[in-house]
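The sequence and structure are shown first.

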Amino acid sequence: MSTDRIEKRVVLRAPRARVWRAISDAKEFGTWFRITLDGPFAAGRTVRGRVAIPGHEHLKVEMQIERIEPERYFSYRWHPYPKDPAQDYSGEPMTLVEFTLEEAEGGAGTALTIVESGFDRIPLARRAEAFRMNTEGWGGQIKNLAAYVS
Amino acid sequence: MLFAALGDATRLSLLRRLSVEGPLSITRLSEGTGVTRQAITKHLATLGSVGLVRHARRGREQVWELERKRLEKARAYLDHIAAQWDAAAARLKAFVEEG
């Protein structure tokens, strides 16, 4: 059991180029991720934005773009969700988020792997706070949305 | 760091045993493990320093027991973030498959 990373694998019935655009284009990324970002993704760049969920627009996002390999790999660092807008996170360790694209078996589309790692270094107080925020509704909101779009 | 404390096979197996068998002494915990009592003591101290286990007296015996609340919190945090990624991946799927 790893306590440091989360890994998700999903097969998308869409060509790799389409999936790549949805992940690497900051506008498209924001559409499905539900954040409004202030500029394009480029390696080494810090992109800032806000959560685009009604009632949660006060939550800020900051993505430090690490590596972009067209149609194959995209990664960035950030402070993991959920976040308290009243807190300053700048001195805390970030997690690394990686998107890896492959052809799905049998030409069924695109296999996408999402990995978020580095949780072992996140302070305990922050994890406890995330738990509290979760029970107070942020997580519930996300679940409602998932149910709505699916 | 709590998650670092969890990231070790011996410590995880100690937690598992305390979870299944309830409070145990260091002697019991080191039986059949091939790990020395000193090493077990050190691992328990690491787990204790982040509040995952605590020691207590049972009669004349010193035992270690699980702090269940703390462990549930650690697990809940990762479960919560994993659930958010599930939701985000579902939205991405709908986004690329419809467009």
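## Chain B

In this predicted model, chain B runs through the pattern α-α-β-α-α-β-β-α along its sequence. Its elements amount to five helices and three strands.

Chain B has 99 residues, and 28% of them count as buried. Among the contacts in chain B with a separation of 6 or more, 52% are made by residues 24 or more positions apart.

## The sheet of chain A

Seven strands of chain A form an open sheet in the order β1-β7-β6-β5-β4-β3-β2, with antiparallel pairing. From one strand to the next, the twist averages 25°.

Within this sheet, β6(A) pairs with β7 (residues 110-117) of chain A in the antiparallel sense, over eight bridges. Val97(A) has Glu116(A), in β7(A), as its bridge partner.

## Helices on the sheet

Helix α1(A) lies across β1, β4, β5, β6 and β7 of chain A and runs at about 165° to β6(A). Helix α2(A) also packs on the sheet, where it touches β2 and β3 of chain A. The direction of α2(A) makes about 165° with that of β2(A).

Which residues of helix α2 (residues 26-33) of chain A are buried? They are Ala26(A), Phe29(A), Trp32(A) and Phe33(A). Viewed down the axis of α2(A), these buried residues fall within an arc of 135°, so they line one face of the helix. Just after α2(A), Arg34(A) adopts a positive phi of about 70°.

## Nonpolar cores

The largest nonpolar core contains 24 residues, of which Val19(A), Ala22(A), Ile23(A) and Val96(B) touch the most other members. Two or more residues of this core come from each of α1 (16-24), α2, β3 (46-51), β4 (60-69), β5 (73-78) and β6 (95-103) of chain A, and from α5 (68-98) of chain B.

Ala22(A) illustrates how the two chains meet: leaving aside residues up to four places away in sequence, Ala22(A) touches Glu28(A), Phe29(A) and Trp32(A), as well as Leu92(B), Phe95(B) and Val96(B).

Methods: Residues are numbered from 1 along each chain as its sequence is written. Chains are lettered from A and ligands numbered from 1 in the order in which they are written. This is a predicted model: local features need pLDDT of at least 70, side-chain atom pairs count only at pLDDT 80 or more; totals for chains, interfaces and linings use all residues. A residue is buried if 20 or more other C-beta atoms lie within 10 Å of its own, exposed if 12 or fewer, and partly exposed in between; C-beta atoms are placed from the backbone. Helices (H or I, at least four residues) and strands (E, at least two) are DSSP runs, numbered from the N terminus. The arc is that of the directions from the helix axis to the C-beta atoms. Two residues are in contact if their C-beta atoms, placed from the backbone, lie within 7 Å. A nonpolar core is a set of buried Ala, Val, Leu, Ile, Met, Phe, Trp, Tyr and Cys residues joined through C-beta atoms within 7 Å. Two strands pair if DSSP finds at least two bridges between them. Axes are lines fitted to C-alpha atoms, for helices over the stretch in contact, and angles run from 0 to 180 degrees between N-to-C directions.
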